[in-house]
Amino acid sequence: MDASKYGMPRWVETKVNVDDHIIIPRLDPAILASDPEKAIEDYVASLSTLPMDRCRPLWDFHFLNLPTSEAASTVVLRLHHSIGDGTSLMTLLMASSRSTTDPSRLPAMPPPPRRKGAIYERSRPSLSDGGLAFLAWIWSYLVLVWHTLVDFKLLVSTLLFLKDPYTLLKRANGGGESYRKRLVHRSISFDDIKFIKTTMNCTVNDVLVGVTSAALSRYYFRKSGDTNTKRSISLRSIMPVNTRPVSNRQVRTSFYESNEHCKKPFVTLS
C-alpha cells in the first residue's frame with residue numbers, strides 16, 4: 001500500500017519466499033474422522049472471510065493432508081484476481097500438466113462443440129422453396145434479434161434498478177461484513193452428463209445449468225418450508241462465458257510450455 005492518505009495498492013518488485021505461501025492447517029481430528037468432505041468444504045468456505053496479506057505476493061497453497069472418498073489429499077490454491085483471470089490460470093495449469101499415459105505429450109484443447117438440431121439450422125432456403133420459406137427464414141432472425149434486445153434491456157435494468165427479493169439465496173445487505181460464503185462441491189458422473197446431453201440434443205453446459213437450477217429450487221423449498229411450489233421467485237444469476245477462441249488458448253499453452261519456468265510439470269492428468 002502506498003504512503004498516500006488514500007492508501008491505494010501498487011505493484012512493487014519483491015523476492016518470493018515460498019515458505020510464506022505454504023500453509024498446512026491443523027483441523028479438528030473428530031470432524032475429519034466423521035466427515036472429511038465437509039471438513040474440506042468448511043475450510044475452503046472460511047478462506048473467503050480471511051483477507052490476503054498485501055505485504056507479499058497474493059497467492060498461497062493450502063495442503064490438506066487428509067484422505068477423502070475421491071483423493072488421498074487435497075491442495076487448495078488461493079490467488080487474487082489481480083494475478084490473472086480464471087481462463088488464463090486454468091490454461092497455465094493445463095500447460096503445466098502431462099498425460100499419465102504419455103508424460104511427453106502436451107495437453108490439447110478440445111475442439112469447440114457443434115450444436116445440432118432444427119433450432120441451430122438456419123441455412124438460407126433456395127428459390128425453389130418459395131417465398132414463404134424465405135420469409136420464415138427472415139422471420140427467425142428477426143425473432144432472434146428481438147429476444148437479444150429484450151435480454152440486453154433486462155440486463156441493463158438489473159444493473160441499474162431491478163432487484164431480486166430477499167430470500168435464502170439473497171440476503172439483505174449481502175449478509176453484513178461478516179457474511180460467510182458457503183462453497184460446496186459435488187462430483188457427478190460425466191458419462192451421465194453426456195448421456196443426458198445426447199438424449200436432449202443440447203450441450204454439457206445446458207445440462208449443468210438445468211441441474212443447478214433444479215438443485216437451487218429444491219434447496220429453497222426444503223430450507224424455507226414454503227409449500228407453494230408455483231410461487232414465482234425472481235433469482236438472477238451470472239454465468240461467465242469464455243468467448244476467446246480455442247486456438248488462442250492452445251497458443252497460450254504452447255507459450256507457457258516454451259517458457260523456462262514452465263517446463264517442469266507439477267500435475268499429471270489422466
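**Exercise 1. Determine which side chain pairs with Lys38 in this predicted model, and describe the setting of the pair.**

Solution. 
Step 1. Lys38 and Asp42 form a salt bridge through their side chains, with a distance of 3.0 Å from N to O.
Step 2. A salt bridge requires a side-chain nitrogen of Lys or Arg within 4 Å of a carboxyl oxygen of Asp or Glu, so the pair qualifies.
Step 3. Both residues belong to helix 2 (residues 36-47); because they are four residues apart, about one helical turn separates them.
Step 4. Lys38 has a relative accessible area of 41% and is therefore partly exposed.
In general terms, side chains of opposite charge can pair when their charged atoms come close.

**Exercise 2. State how many salt bridges the structure holds, and characterise the one formed by Arg78.**

Solution. 
Step 1. The count of salt bridges is three.
Step 2. Arg78 is paired with Asp60, and their closest N and O atoms are 3.3 Å apart.
Step 3. This pair connects distant parts of the chain: Asp60 lies in strand 2 (residues 59-64) and Arg78 in strand 3 (residues 74-79), 18 residues apart.
Step 4. Asp60 and Arg78 are both buried.

**Exercise 3. Describe the N-terminal end of helix 5, the salt bridge of Asp191, and the residue just after the helix.**

Solution. 
Step 1. Helix 5 comprises residues 190-200, and Ser189 caps its N-terminal end. A side-chain oxygen of Ser189 lies 3.4 Å from the backbone nitrogen of Asp191.
Step 2. Asp191 also forms a salt bridge with Lys194, in which the closest N and O atoms are 3.9 Å apart.
Step 3. Asp191 and Lys194 are three residues apart in helix 5, which means that about one helical turn separates them.
Step 4. With 54% relative accessibility, Asp191 counts as exposed, whereas Lys194, at 36%, is partly exposed.
Step 5. Just after helix 5, Asn201 adopts a positive phi of about 60°.

**Exercise 4. Report the number of disulfides and the accessibility of Cys55 and Cys202.**

Solution. 
Step 1. There are zero disulfides in the structure.
Step 2. Cys55 has a relative accessible area of 72% and is therefore exposed.
Step 3. Cys202, with a relative accessible area of 23%, is partly exposed.

**Exercise 5. Summarise the secondary structure and the surface of the protein chain.**

Solution. 
Step 1. The protein chain contains seven helices and five strands. Read from the N terminus, their order is β-α-α-β-β-α-β-α-α-α-α-β.
Step 2. Among contacts between residues at least 6 apart in sequence, 61% join residues at least 24 apart.
Step 3. The chain has 270 residues, of which 16% count as buried.
Step 4. The accessible surface amounts to about 21500 Å², and carbon and sulfur atoms account for 61% of that surface.

Definitions and conventions:
Residues numbered from 1 in each chain as written. Predicted model: local features only at pLDDT ≥ 70, side-chain atom pairs only at ≥ 80, totals over all residues. Heavy atoms only, no water. Polar contact = N/O pair within 3.5 Å; in protein donor to acceptor, adjacent residues only side chain to side chain. Helix = DSSP H or I, 4+ residues; strand = E, 2+ residues; numbered from the N terminus. Disulfide = S-S within 2.5 Å. Buried < 20%, exposed > 50% of the residue type's maximum accessible area, 1.4 Å probe, protein only. Contact = heavy atoms within 4.5 Å. Areas by Shrake-Rupley, 256 points an atom, 1.4 Å probe, with all protein chains shown as cover.
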